[in-house]
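Trainee: Could you take one part of this model and go through it closely with me? I'd like to know what surrounds it and how the rest links up.

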Amino acid sequence: MNVSIGVGHHVIHVHAPLTRGVLVHRNPTNTPLNSQSKFPFLFSLSLSTATQLRAVRGARVAASMSYDKQLAAAKKAASLAARLCQKVQTALLQSDVQSKSDQSPVTVADYGSQALVSFILEKEFPSVPFSLVAEEDSGDLRKEESGETLHRITELVNETLVTDGMNDISLSKEDVLKAIDNGKSEGGPHGQHWVLDPIDGTKGFLRGDQYAIALALLDEGKVVLGVLACPNLPFASITRRDQSISEDRVGSLFFAQVGAGTYMQSLDGSPPTKVHVTAIENPEEASFFESYEAAHSSHDLSSLIARKLGVKAPPVRIDSQAKYGALSRGDGAIYMRFPRKGYREKIWDHAAGYIVVAEAGGVASDVAGNPLDFSRGRYLDLDTGIIVTNQKLMPSLLKAVQESIKEKASAL
């Protein structure tokens, strides 16, 4: 049996194997999905087809819903978290050289950012079950020796809330710990889940370089909005000069909502501008981004791929999901990430950046060409690495990546 399902203006045709005497249904009474029907003459959809239909239903719901309120709250939360992080980083860079190898400043900023985002989102949607998939938990902060650090984090969070006019709110240390621990959710394919990396690019943060507050929302396993607050990313292109934008203006906020495109504005609140990935079709004209730290991605493999494509420009190496933001506005054409063998990518390291690029016309996949799947919990199940580019370059990039990986493997 063939079933046609309308999704927006499209019709999806599903081949449904016939199963005699088995009724498959969405069952509110929690009886087994594959329960036997009392009517053996009824034909029904197989379980695999039911799964397909649920996926179609999820895509249709995401495409038809507006997430304007959630996006406004996400922008507010990420911007406030960026303000807190900037304050910590400024103090760090003004301190003596020896202290810059100390991890405590980034610890304070990391926890403070997560507490602030968690508190703002839960406050904005008090009647909705709150689920946050995030990097940190409060275990270490609850230890006796962390008392001073917790005091500083609580102080910073309250100071940041005051800068946004929330003078009547004062969080206790326990309030801050609870807000941090909201991030223990496992995510998954059902319901809505916020996804947060409170400071993506901690080494860049410590160097005074690039980092990002990366916040996304999943709905039925699909990324439906994303915000990247990049306090140190120039508002102008980092790879080409734009005379219309001041070269010394720093601090970029990228945001995207499914079906609505990607926009950029300055962190100090300039009007939003719609952005789009580069339209370059010739790989030789492309420039590519990769991780600043060689430990985060194989620079040798990236170089081999670039040579195979004929790319002439040297790689642009920057920390964090700021790369996704820069790619979304056309600063470069390709982003490649090949972590060490056995490393499992976390969803908070890519969710916000993924939709920022996708809504700007880009495409992301693993090296086998599979789309990124954020519905499997806290981790992405990937084949080898992640590649991001525009629609026109993806076929040649994918081919070069796969060939290069085979060459490296055969040389071992």
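Mentor: Let's settle the names: helices are DSSP runs of H or I with at least four residues, strands are DSSP runs of E with at least two, and both are numbered from the N terminus. This is a predicted model, where local features need pLDDT of at least 70 and side-chain atom pairs count only at pLDDT 80 or more, while totals for chains, interfaces and linings use all residues. Residues are numbered from 1 along each chain as its sequence is written, and side-chain values use heavy atoms, with hydrogens and water left out.

Start with Q89, which lies in helix α2. Its relative accessibility is 5%, so Q89 counts as buried (buried means under 20% relative accessible area, exposed means over 50%, and partly exposed is in between, with a 1.4 Å probe and protein chains only). Leaving out residues up to four places away in sequence, Q89 touches G204, F205, G208, D209, Y211 and N232 (a contact means heavy atoms within 4.5 Å).

Helix α4 spans residues 147-163, has 17 residues and reaches 25 Å from its first C-alpha to its last, close to the 24 Å expected (the expected span is 1.5 Å times one less than the number of residues). The buried residues of α4 are L150, I153, T154, L156, V157, N158, T160 and L161. H151 also lies in α4, but at 42% relative accessibility it counts as partly exposed. Just past the end of α4, G165 takes a positive phi of about 85°. In α5, the buried residues are V176, L177, A179, I180 and D181, and their cover includes α3 and α4.

Now for the strands around β9 (residues 250-257). Seven of its eight residues are buried, so β9 is largely enclosed by the rest of the structure. Strand β8 (residues 222-234) pairs with β9 in the antiparallel sense over seven bridges (two strands pair if DSSP finds at least two bridges between them). One of those links has P234 with V250 as its bridge partner in β9. On to β10 (residues 261-266): six bridges join it to β9, and the two run antiparallel. There, L253 stands opposite Q265. β9 and β10 form a hairpin with three residues between them, and G259 in the turn has a positive phi of about 80°.

Rings come next. The whole structure holds four aromatic pairs (rings of Phe, Tyr and Trp, using the six-membered ring of Trp, pair if their centres lie within 6.5 Å; planes under 30 degrees apart count as stacked, over 60 as edge-to-face, and the rest as tilted). One is F255 with Y263, a stacked pair at 5.8 Å centre to centre and 15° between the planes. F255 is buried at 7%, whereas Y263 is partly exposed at 27%. Another is Y324 with Y335, an edge-to-face pair at 5.3 Å and 85°. Y324 sits in helix α8 (residues 322-328) and Y335 in strand β14, so this pair ties together parts that are 11 residues apart in sequence. Y324 is buried at 1%, and Y335 is buried at 3%.

That brings us to the sheet containing β14. Five strands form an open, mixed sheet in the order β13-β12-β14-β18-β16. At its edges stand β13 (316-318) and β16 (362-366), each with a single partner strand, so one side of each has no neighbour in the sheet. Neighbouring strands here are turned by 20° against each other on average, direction ignored (axes are lines fitted to C-alpha atoms, for helices over the stretch in contact, and angles run from 0 to 180 degrees between N-to-C directions). β16 pairs with β18 (residues 386-390) in the antiparallel sense over five bridges, and S365 has I387 as its bridge partner in β18. Helix α10 (residues 394-411) packs on this sheet, touching β14 (334-337), β16 and β18, and its direction makes about 155° with that of β18.
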